[in-house]
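Please walk me through this structure in the viewer. Tell me what to select at each stop and what is found there.

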Amino acid sequence: MAMMYTPTIPPPDPNTRTPKFKLPSLSCDAHCHIFGPGAMYPYAPDRSYTPPDAPLKDFKVLHAKLGVERAVIVNASVHGTDNTVALDAIAQSNGAYRAVANIDDTITERQLRVLHEGGFRGCRFNFVRHLGGVPDKGVFNRIIAMVAPLGWHIDLHFDAIDLPEYADMLTKLPLSYTIDHMGRVKAYEGLDQLPFRILIELMQRDEKCWVKICGSERVSSAGPPFTDAVPFARKIVETAPDRVIWGTDWPHPNVKVMPNDGDLVDLIPLFAPEPEFQHKILVDNPARLFEFDR
């Protein structure tokens, strides 16, 4: 019997604008989600929100409009530790998709191998308070020990205020890590705010540290078109252009203001006016981190 769900968050903007900026060939949306459909891929009973369905069909339409050819599906917390929705999408992508898993330490080596062979190249930890807060330290360490031999990285979602507390821990990790949404810093607090200084220092001193210049709508204090997030992304790009990736964060769960994904693409040349940097962020860097065929 199909499950019925009542969404608690709004859907993405259905009227995606064709961006003015033309993405380079093989550009990758390195942070996006697929939700359901819930009737086929049930949402986790302990989820902190219920999304409207944002299925693979809509995902493909969005990327065709934007000019995106590759994608990394970050399996969202609403699906719990069931990664089937992303695994199935990769299988249908002809090598164009990779994914980041949600797992816990009950996963077996065999199950991990299935995910790896299915196109997963990392796993995610949420430290964000409204999504459940800090993961158990023992579980965190056990999962890292399990995924490191596969060459995976870990994807970390922090509240900006917590970044200073975890910086030293991050530098001691035995594997690469990505930090979501520019560390979720607040634009109104300026480039000199402590969490952003810590983020930049991490990028400077730790070659395992990657940052995603996505989530401008989360960083922005001014609202659309979110240009007050540009100086933060620009500083990140200038600091370590070989360890920066970009994504839409479609379908934008739990945002205060729903963005248009065409507007988000048109921020890219403001983040990185240089064609060389654009190619790194959109093509070369995600290909290297997620092991896409060149």
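Two strands count as paired if DSSP finds at least two bridges between them. Helices (H or I, at least four residues) and strands (E, at least two) are DSSP runs, numbered from the N terminus. This is a predicted model, in which local features need pLDDT of at least 70 and side-chain atom pairs count only at pLDDT 80 or more, while totals for chains, interfaces and linings use all residues. Residues are numbered from 1 along each chain as its sequence is written, and side-chain values use heavy atoms, with hydrogens and water left out.

**Stop 1: the sheet**

Select the strands. Eight of them form an open sheet in the order β1-β2-β3-β4-β5-β6-β7-β8, with parallel pairing. The edge strands are β1 (28–32) and β8 (244–245), each of which pairs on one side only. Strands of a sheet pair through backbone hydrogen bonds, either parallel or antiparallel.

**Stop 2: from β1 to β2**

Select β1 and β2. They pair in the parallel sense over three bridges, and Cys-32 stands opposite Ile-73 in β2. Right-handed means that, with the strands pointing away from the viewer, the path from the first strand over the helix to the second runs clockwise.

Now keep β2 alone. Five of its five residues are buried, where buried means under 20% relative accessible area, exposed over 50%, and partly exposed in between (1.4 Å probe, protein chains only). Arg-70, Val-72 and Val-74 point one way from β2, and Ala-71 and Ile-73 point the other way. In a regular strand the side chains alternate between the two faces of the sheet.

**Stop 3**

Select β3 next. Five of the five residues of β3 are buried, so the strand is largely enclosed by the rest of the structure. Tyr-97, Ala-99 and Ala-101 point one way, and Arg-98 and Val-100 the other.

Four bridges join β2 to β3, and the two run parallel. In β3, Arg-98 is the bridge partner of Val-72. The chain goes from β2 through α2 to β3 in a right-handed β-α-β crossover. On the other pairing, three bridges join β3 to β4, also parallel, and Ala-101 stands opposite Cys-123 in β4. Here the chain crosses from β3 through helix α3 (residues 109–117) to β4, and this crossover is right-handed.

**Stop 4**

Select β5 (residues 153–157) and β6 (residues 177–179). Three bridges join these parallel strands, and Asp-155 stands opposite Thr-178 in β6.

Then select helix α5 (residues 163–171). Which of its residues are buried? They are Leu-163, Tyr-166, Ala-167 and Leu-170. These residues cover an arc of only 135° around the axis, which puts them on the same side of α5; the arc is that of the directions from the helix axis to the C-beta atoms. The buried residues of α5 pack against β5, β6 and α6 (194–205), with contact meaning heavy atoms within 4.5 Å.

**Stop 5: the cysteines**

Finally, select the cysteines. How many disulfides does the structure hold? It holds zero, a disulfide being a pair of cysteine sulfur atoms within 2.5 Å. Cys-209 is in none, and the nearest cysteine sulfur, that of Cys-214, is 13 Å away. Cys-209 is buried, with a relative accessible area of 0%. The sulfur of Cys-214 is 9.6 Å from the closest cysteine sulfur, in Cys-32, too far for a bond. Cys-214 counts as buried at 1% relative accessibility.
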